[in-house]
Amino acid sequence: MAIKNKSLDTMIIGFVGLGLIGGSIAKSIRRVYPNYIIYGYDSDKVALQNAKDDGTLDFIVKDVYEEFYECNYVFLCTPVGHNMAYLSILKDAVNPDCIITDVGSVKGPIHELVKTLGLEKRFIGGHPMVGSEKSGYSACHDRLIENAYYFLTPTKKVSPEKVVELNAFIEELGALTIHLDPDQHDSFTAGISHVPHLIACELVHQVANLDTENGILRQLAAGGFKDITRIASSSPEVWEQIIISNRKNIAGILHNMIEDLTQLHDAVNNADNDFIHEYFRKANDYRSSVPDNAVGLMQKSYEIFMDIPDEPGELLKVLKIVSDHHISIKNVGIIHNREYQEGCLKLVFYSNEECELCEALFRNHHYIVYQRK
């Protein structure tokens, strides 16, 4: 049974789902509020045990209906459709003062279900604008939502005090809260998240169709192409549910894109220089105005590119500079296709501070270093 919560100094938080987002929020809570009691449920028993073993969870939940009653908050962190199924279960499984929230990237359908279930006083929708091409508990870390936008979509009947409390709680974890109406939220995320995932997949499909039997395009496209399409590696189960749940907004944007692409097709076919120039200029101007100081839809990659001579021992010299300053490298690679980035050596770090330090170190050793914006 759950431990009775007698003081807000020791709140009880429940998690349904310990994938990338659920597990990362749980880890953030453990870091910021080490005395809070965290319960977790997941169909992946290995993930559950790992979360218990590493100290993220205090208790493993075996029965969602019985073991979440004492929670102050319950986070629904499974795919969108599953969150709605669990919401129906939790209706009578949590105490009247508990706030249920979710992290799904579609808000309209779950808010409609909240109304049907009579849970409007006990639900505040949520959506951290974070993600990764990786999934599962093994990809979690305790700073995933730090400096990330975190949408909150309160119902019209939930008390303002409860909204203020959850808002403060999320901000203490390091996120930047934004309050939106559920319909407005779904319209926004269709444009900046859902459709881009579809477009990334479509680009992959087009290149796959062009590829040869021996897969030469896999090698030629491994540089910039892989970067701009990496969100196509996201979970098919998760994104199937997202797309269907937000289909009206997504279909509208796709309709507009089809019209734009038809114009672009005609301009290319007719060698319309003015149209093509303006097409790139407008995109360039807007893209340049997008800020780079907050976490967005995908984890920010702290990476630098540099030129090194193609001589024996040069790579070891670079790695020794990093090692001498006790800095860990997340990934390293040789770039053969440099259409979208300069430099032949790519180094990826775990933080911006490490990235900037190494950039300065390499410049001091007279290497030519680039940082992609």
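Helices here are DSSP runs of H or I, at least four residues long, numbered from the N terminus. The model on your screen is predicted.

**Stop 1: the second largest pocket**

Select Leu-20, Cys-77, Thr-78, Pro-79 and Val-238. Among the 41 residues lining the second largest pocket, these five are the closest to its centre. The space inside is about 900 Å³.

Now colour the elements around this pocket. Select α1 (20–32), α4 (80–90), β6 (123–128), α7 (182–210) and α10 (236–245); each gives the lining at least two residues. Which element supplies the largest share of the lining? It is α10, with four residues.

Next, colour the lining by residue type.

**Stop 2: the largest nonpolar core**

Select Ile-13, Phe-15, Ile-25, Ile-29, Phe-75, Tyr-150 and Phe-169. In this core of 38 residues, they touch the most other members. Then show β1 (12–16), α1, α2 (45–53), β4 (73–76), β7 (149–154) and α6 (160–172), each of which supplies at least two core residues. The most come from α1, which gives five.

**Stop 3: Phe-169**

Zoom in on Phe-169. What does Phe-169 contact, leaving aside neighbours within four places in sequence? Its partners are Ile-13, Ile-29, Tyr-33, Tyr-36, Tyr-73 and Phe-75.

**Stop 4: the second core**

Finish with Tyr-86, Leu-90, Ile-100 and Val-114. They are among the 24 residues of a second, separate core.

Definitions and conventions:
Residues are numbered from 1 along each chain as its sequence is written. This is a predicted model: local features need pLDDT of at least 70, side-chain atom pairs count only at pLDDT 80 or more; totals for chains, interfaces and linings use all residues. Side-chain values use heavy atoms; hydrogens and water are left out. On a 1 Å grid over the protein atoms alone, a cavity is a set of points where a 1.4 Å probe fits but cannot get out, and a pocket is an open set with protein on both sides within 12 Å along at least five of seven lines; lining residues have an atom within 4 Å of a point. Grid points are joined across faces, edges and corners, and a volume is the space filled by probe spheres set on the points. A nonpolar core is a set of buried Ala, Val, Leu, Ile, Met, Phe, Trp, Tyr and Cys residues joined through side-chain atoms within 4.5 Å. Buried means under 20% relative accessible area, exposed over 50%, partly exposed in between (1.4 Å probe, protein chains only). Contact means heavy atoms within 4.5 Å.
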